[in-house]
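Here is my note for a colleague coming to this structure for the first time. Please keep the model open while reading the points below.

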Amino acid sequence: MKYLLTLFILISTTLSAQAALKVQKVADNVYALVGETTQRSPTNFGNNSTHGVVVTREGVILIDSGASYLGAQEIHQTIQTLTDQPIKIVINTGGQDHRWLGNDYFQKLGARIIASSKAQMDQKARTDYHLNRLGGLIGESLKDTHPVLASEVFEHEKVVELGEVKLELYYFGPAHTVGDIFAYMPSQGIMFTGDIVFNDRMLGVGPARNSQSWVDVFEKMASFQPKHIVPGHGQVSDLPTATKNTQQYLKFLNTEIAKILEQDGDMLKASQIDQSKFDFLTGHESIAVRNAQWVFEQMEFDY
């Protein structure tokens, strides 16, 4: 019995350690909470994602609230290791589950919840899809999760100020999801990109299914020449790294699919594109072929 109890504690501790978000300091009072780059799971509460934290003298600005109530709680507990300041503002950078399904948790703490109008629309449209999918992926870790849409929305640009910090929010069109925005902190050259940038992990072209728009949005973001990129997935990086991991991959797919269409090729040919030069990205085995198929569908329609 004593052995079983010890084993249970050992397993629980291991799972907890696996679930913990890794804190990466970006600058004074600015942090990234970096989740796993693998699939959503019961131990990561759906938070296979990166979140931004800005600590000001008047409270905390959180970039993206997590994929579940427990995921939001884990984010909050991690923030409490950095500061005892309250969470005052939550910015949802898009409509993907880990960007907003923790809103309820932070709204109950009194936080304002901000997103683009397109992201709010996407949140509403895909709520059932997210909950059903998460139910299959994270199971009981979805408990107590109640969808709460962003309550403050903007169309194209918005300035958010708290204490001594100013963030500029921009929406330029669909990227990974239809409402993805980026948040720029001009005082320190820090860019919070949400799912406009995937580092370390291979991006998924869906659900917006518009790879060319994503390239365009990335270029708008890059035009600010940020010193630091806090991505939607993976480690904090510089702009060249983000470009290699995200924009260059999208451009590669667009170029290869265009060649196939010019030769009257089909979906099978698209599925056979050699993507091995991007196999350093986690998850490429499961997503690369699907990405090629999605881009082919989009470009064939527009061709």
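Is W214 buried or exposed?

1. **W214.** This is a predicted model, and all values here are computed from it. W214 has 0% relative accessibility. The cut-off for buried is under 20%, so W214 counts as buried. The residue lies in helix α7. Leaving aside neighbours within four places in sequence, W214 is in contact with P174, A175, H176, D195, I196, F198, L203, G204, V205, T246 and L250. Q24 is another matter: its C-alpha atom is separated from that of W214 by 26 Å. Along the chain, W214 and Q24 are 190 residues apart.

2. **N245.** Look next at helix α8, where N245 is found. N245 has 5% relative accessibility, so it counts as buried. Not counting residues up to four places away in sequence, N245 touches F198, N199, D200, L203, F280 and L281. F198 and L203 are also among the contacts of W214.

3. **Strand β11.** Why can β11 be called largely enclosed by the rest of the structure? The reason is that 9 of its 9 residues are buried. On one side of the pairing scheme is β10: 3 bridges join β10 to β11, and the two run antiparallel. M185 has I190 in β11 as its bridge partner. The hairpin of β10 and β11 has 4 residues between the strands. In that hairpin, G189 takes a positive phi near 65°.

4. **Strand β12.** β11 also pairs with β12, in the parallel sense, over 5 bridges. Two positions can be checked by eye. G194 stands opposite P231 in β12. F198 stands opposite H233 in β12. Of the 6 residues of β12, 5 are buried, so this strand is largely enclosed by the rest of the structure.

5. **The largest nonpolar core.** In soluble globular proteins, nonpolar side chains tend to be buried together. Here, the largest nonpolar core has 38 residues. F218, M221, Y249 and I257 have the most contacts inside it. The elements that give two or more residues to this core are β10, β11, α7, α8 and α10. Which of them gives the most? α8 does, with 9 residues.

6. A second, separate core of 25 residues includes I91, L162, L169 and F192.

7. **Helix α5.** This helix spans residues 117-125. S117, A119, D122 and Q123 are buried in it. What do the buried residues of α5 pack against? They pack against α3, β6, α6 and β7.

8. **The largest pocket.** About 590 Å³ of space lies in the largest pocket. Its lining has 27 residues, and R40, R133, R201, I287 and R290 are the closest to its centre. α3, α6 and α10 each supply at least two residues of the lining. α10 gives the most, with 4 residues. What is the make-up of the lining? It divides into 7 nonpolar, 13 polar and 7 charged residues.

9. **The cavity.** How many cavities of 30 Å³ or more does the structure hold? It holds 1. The largest cavity has a volume of about 30 Å³. T50, H51, G52, I63, D64, F192, T193, G194, V230 and P231 line it. β3, β11 and β12 each supply at least two residues of this lining. The lining divides into 4 nonpolar, 5 polar and 1 charged.

How values were computed: Residues are numbered from 1 along each chain as its sequence is written. This is a predicted model: local features need pLDDT of at least 70, side-chain atom pairs count only at pLDDT 80 or more; totals for chains, interfaces and linings use all residues. Side-chain values use heavy atoms; hydrogens and water are left out. On a 1 Å grid over the protein atoms alone, a cavity is a set of points where a 1.4 Å probe fits but cannot get out, and a pocket is an open set with protein on both sides within 12 Å along at least five of seven lines; lining residues have an atom within 4 Å of a point. Grid points are joined across faces, edges and corners, and a volume is the space filled by probe spheres set on the points. Ala, Val, Leu, Ile, Met, Phe, Trp, Tyr, Cys and Pro count as nonpolar, Asp, Glu, Lys and Arg as charged, and the others, Gly among them, as polar. A nonpolar core is a set of buried Ala, Val, Leu, Ile, Met, Phe, Trp, Tyr and Cys residues joined through side-chain atoms within 4.5 Å. Buried means under 20% relative accessible area, exposed over 50%, partly exposed in between (1.4 Å probe, protein chains only). Two strands pair if DSSP finds at least two bridges between them. Contact means heavy atoms within 4.5 Å.
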